[in-house]
Amino acid sequence: MTEPATSPCSSDCQGYVRRHLRFGWWSLLAFLTLGILLESFHGFKAAWFVNVDQETRRLLWRLAHAHGTFFALVHIAFAATVFLVPTLQSGLRRAASWCLMAVSIVLPSGFFFGGFGVYGGDPGLGIFLLPLGAAMLFIAVFVIAWGATANR
Amino acid sequence: MARHRIRIFVPVVAVALWLGAIVVHYMTDARIYHDTVAARAEPATDRPIEFQEDGYVTSRTCKACHPSQYSSWHASYHRKMTQVATPDVILAPFGQPITSKGKIYKFIKRGAQVLVQVTDPGSAAKGDTEPDELQVVMTTGSHHYQAFWVPTGKTRKIKMLPFSYHIADQRFYDSEGFFLFPPGIFPLLSEGQWNHTCSYCHATGPKARVDFRDLDQMDTRAAEFGIACESCHGPAEEHVRFYRNPRNRYFAHLNDAPGVSIVDPKDLMPRLSSQVCGQCHGITSVPDRDQWSQDGFRYRPGDDLHKLRKITRSGQQYFWPDGMIRVSGREYNGLINTPCYTHDDPSQTMTCLHCHKMHRDADDMRPVLQWADDQLKIFTDSSHAGPQSNQACTQCHEVYEDPQALVQHTHHDQSIESANNCYNCHMPHTTWGLLKAIRSHTIDSPSVSTELTTGRPNACNICHLDKTLQWTADHLESRYSIVRPKLNEEHQTIAASVLAVTKGDAGQRALGAWRMGWTPAREASGTDWMAPFLAQLLVDPYHAVRKAASNSLEKFPQFAETGFDYMGSADHLAAVRRLVDDTWLAERSGRVGCGDPTVLMTDQGHLMQHVFEHLLRQRDNRPVYLNE
């Protein structure tokens, strides 16, 4: 009879894993749905989306879809990282988790709402969410990279 | 230790790269916006080239921030006035033999190049069967017709091929057939014509760079081919540089501020606004030809055009005797003689933009080509909605928004839409170009006296082709208290249109032929008397008159398929004329009681041949050059 394998991941750690897997898969579904919606706009040649003068809106919504989808995958990758690198300090883990959650909302929202109220070639005011999102993303990735590189 | 270094090094490098990119961006000149593909390409040496200087940045730069305006401009014929020839640009069919001036031409594609093969049957008979090949390097036009340019082999000097493509007819004609010039005279085929003349207005920021002491030296360039953004808005380099800063852009967006270092014609004072169009749509000359040739025009949108160029206001080649413009494409000359433009109240001064819209509105439901046709504004909130609605006029003349007031003014039944259209009486078709009549852009009122002194048809008789000047004078007196001038017997007894197409000069005959095909005139005047007059015009010495007559004849079902070629041989012209005459006569035989002496019809419905020939002998044969 063999001993059951014990996970090096603490219950706190497992909480993060579950939370980010849940968030990652559901947001992946949400942003894939947005992608299907955008494709159908193309399919039906919706004038307010495909006309040449709607290029800015089209670009921004594509970016919202692409970033949202990508961040969903990042959440899943983060869950795996937390599970595989149990030495990640609790504080860093909490900060990274919080930043990633925020980024996944703020950045795609910035692109999406920037697609409304477009000023010619410039996005609408929603685009001002982007610097905030970019900063938080930078922090999150930095914290994860820092923690993953820490000495055991 | 190594891991610690990496942890510090990577984020520092990332932030440094980000900051460095911003610094480089701001230190780089606005020229980085230029189309890098075009910049990398080796410039052609045998034709005019695009070359950005003097602050021009091209439409490719404007597109980034103004996609909507770029899109509507891109769909316009202005853009395609001059294009570098590629297979996509050529509207004519490839591989079709074209006979012109005794030679046979054929367009062929070779990669991205367009070539024309030229065979001289005379040389072929001597055993030289290999056709010459010329590269077509540029084209002019894409709306009504397209002309083609080939290198001369002398610097950047180019010349026009002797034929052009008629887009509506989908066939080639000799190029002189597109203009109202006396037969045998066609200066546009001379070498270098594009360089020193067409480039004036068919390119943005042109510099002819012609050495007038040696006309084989032409280093012609333009900021951009075609009439692009900076033709109307001025060179944009400073504007681009300023708005590269997002803070400046969003400040402007949120405050709806006017653009910095750029001209918007709709924000200019009315006269300066119209001058933006007038720089090309007017007949102007520069004070110093050599300076112009080397440095280009000094005028920029927003400047006072009249201070920098001389505006031509009279001359047989372009004007009616009273100074009203007679050729198309020069609408500014018409506008500046209009009371709506010349009065003293700037807030009421009419501009081109009261009727025309250079960028199509998002809610304009017309097909894009319909908008592009004349780029007319569309009015949607009136019972007379449409691009040529009375609302263009009732913006100021509000009283005529009331249908009853309009009917009282026009004295025509409300159901006759064309008779209650402001344009038809006050902007009649009295200018000529592009092988058709075009509305006058001098707004005036019908006057028999003016027709007597200038020969320009009055608006009443442009519709009522079967009526005399006496009839018109009587109506103008009874309805508008306009004093009736003294009229001779011809004007009392013969329809004004008949006199125009028989006795008139070539321009009057062309207009006369055109209006016999104009739907409102045909509805007002009846059509069964017109054929013999149009048949006579099929053998007119002027190509343009023959073309107008054949177009009008095609409106008759029985003459829709005559196979008439207005550039054909004299025998061909005469044969089709006989065919039309015979067909018309055969249809008339046995009909009585359809006489009308004003249009030279006897009671038996036959043409009063002796009167007709008497009028023809009086034809004004002075040479006419309606040089568009």
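Start with the second largest pocket, which holds about 1000 Å³ of space. A pocket here is an open set of points on a 1 Å grid over the protein atoms alone, with protein on both sides within 12 Å along at least five of seven lines, while a cavity is a set of points where a 1.4 Å probe fits but cannot get out; lining residues have an atom within 4 Å of a point. Volumes are the space filled by probe spheres set on the points, which are joined across faces, edges and corners.

Before you click on, note that this is a predicted model, where local features need pLDDT of at least 70 and side-chain atom pairs count only at pLDDT 80 or more, while totals for chains, interfaces and linings use all residues. Residues are numbered from 1 along each chain as its sequence is written, chains are lettered from A and ligands numbered from 1 in the order in which they are written, and side-chain values use heavy atoms, without hydrogens and water.

Helices (H or I, at least four residues) and strands (E, at least two) are DSSP runs, numbered from the N terminus.

Now pick β1, β13 and β12 of chain B, an open sheet of three strands in the order β1-β13-β12 with mixed pairing. Two strands pair if DSSP finds at least two bridges between them. The edges are β1 (49-50) and β12 (203-207) of chain B. Four bridges join β12(B) to the antiparallel β13 (residues 221-225) of chain B; find B:Thr204, whose bridge partner in β13(B) is B:Glu224.

**Last stop: two helices**

Show B:Val498, B:Leu499, B:Thr502 and B:Lys503 in α23(B), which meet B:Phe612, B:Leu615 and B:Leu616 in α29(B). Contact means heavy atoms within 4.5 Å.
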